[in-house]
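Reader: I'm new to this one, so could you bring it up and walk me through it slowly?
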Amino acid sequence: MDHSTTHTHVAKPRPSRRQGLFIHLWTRLMQAQRLRRERSRLSKLDDHMLRDIGLTRDAAATESARPMWDVPAHWQD
């Protein structure tokens, strides 16, 4: 019995320009929502947990107050 397999490569169709834009915008929206959730959670940490991650209460409050669209510089292309 021959156990060899034949591998064929099927190229995925490339997304259209409109689809690419939609994917880009969707990805950014999901990143912004994740960031909003993380900032919300940060605002709820107690002082002991903030010390564990090296943040002061003031620094956490400042970060938590940033708007959803205020994203890290490395997200901006």
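Reader: Let's start with Arg66: how exposed is its side of things, buried or exposed or partly exposed?

Author: Arg66 has a relative accessible area of 28%, so it counts as partly exposed, where buried means under 20% relative accessible area, exposed means over 50%, and partly exposed lies in between (1.4 Å probe, protein chains only). Please keep in mind that this is a predicted model, in which local features need pLDDT of at least 70 and side-chain atom pairs count only at pLDDT 80 or more, while totals for chains, interfaces and linings use all residues. Residues are numbered from 1 along each chain as its sequence is written, and side-chain values use heavy atoms, with hydrogens and water left out.

Reader: Okay, and which side chains does Arg66 meet in salt bridges?

Author: Arg66 meets Glu63 in a salt bridge at 2.9 Å, N to O, and Arg66 also meets Asp70 in a salt bridge at 3.0 Å, N to O. A salt bridge here is a side-chain nitrogen of Lys or Arg within 4 Å of a carboxyl oxygen of Asp or Glu, and by this rule the count comes to five.

Reader: What else does Glu63 pair with?

Author: Glu63 forms a salt bridge with Arg39, the closest N and O atoms being 2.9 Å apart. This pair links distant parts of the chain, since Arg39 is in helix α1 and Glu63 is in helix α3, 24 residues apart. Taken together, Arg39, Glu63, Arg66 and Asp70 are linked in a network of salt bridges.

Reader: Is Arg39 buried or exposed?

Author: Arg39 is buried, because its relative accessible area is 5%, whereas Glu63 is partly exposed at 24% and Asp70 is partly exposed at 28%.

Reader: Switching to α1, how many residues does it have, and what does it pack against?

Author: Helix α1 has 27 residues and reaches 39 Å from its first C-alpha to its last, close to the 39 Å expected, where the expected span is 1.5 Å times one less than the number of residues. Helices are DSSP runs (H or I, at least four residues), numbered from the N terminus. The buried residues of α1, including Leu35 and Arg39, pack against α2 (47-52) and α3 (57-65), with contact meaning heavy atoms within 4.5 Å.

Reader: And where is Trp26 found?

Author: Trp26 is found in helix α1, residues 17-43, and Trp26 counts as partly exposed at 45% relative accessibility. Trp26 is one of the residues making a nonpolar surface patch of about 760 Å², together with Phe22, Ile23, Leu29, Met30, Met68 and Trp69.

Conventions. Patch = residues over 30% accessible without salt bridge, like charges linked within 9 Å, V, L, I, M, F, W, Y side chains within 5 Å. Areas by Shrake-Rupley, 256 points an atom, 1.4 Å probe, with all protein chains shown as cover. Helix = DSSP H or I, 4+ residues; strand = E, 2+ residues; numbered from the N terminus.
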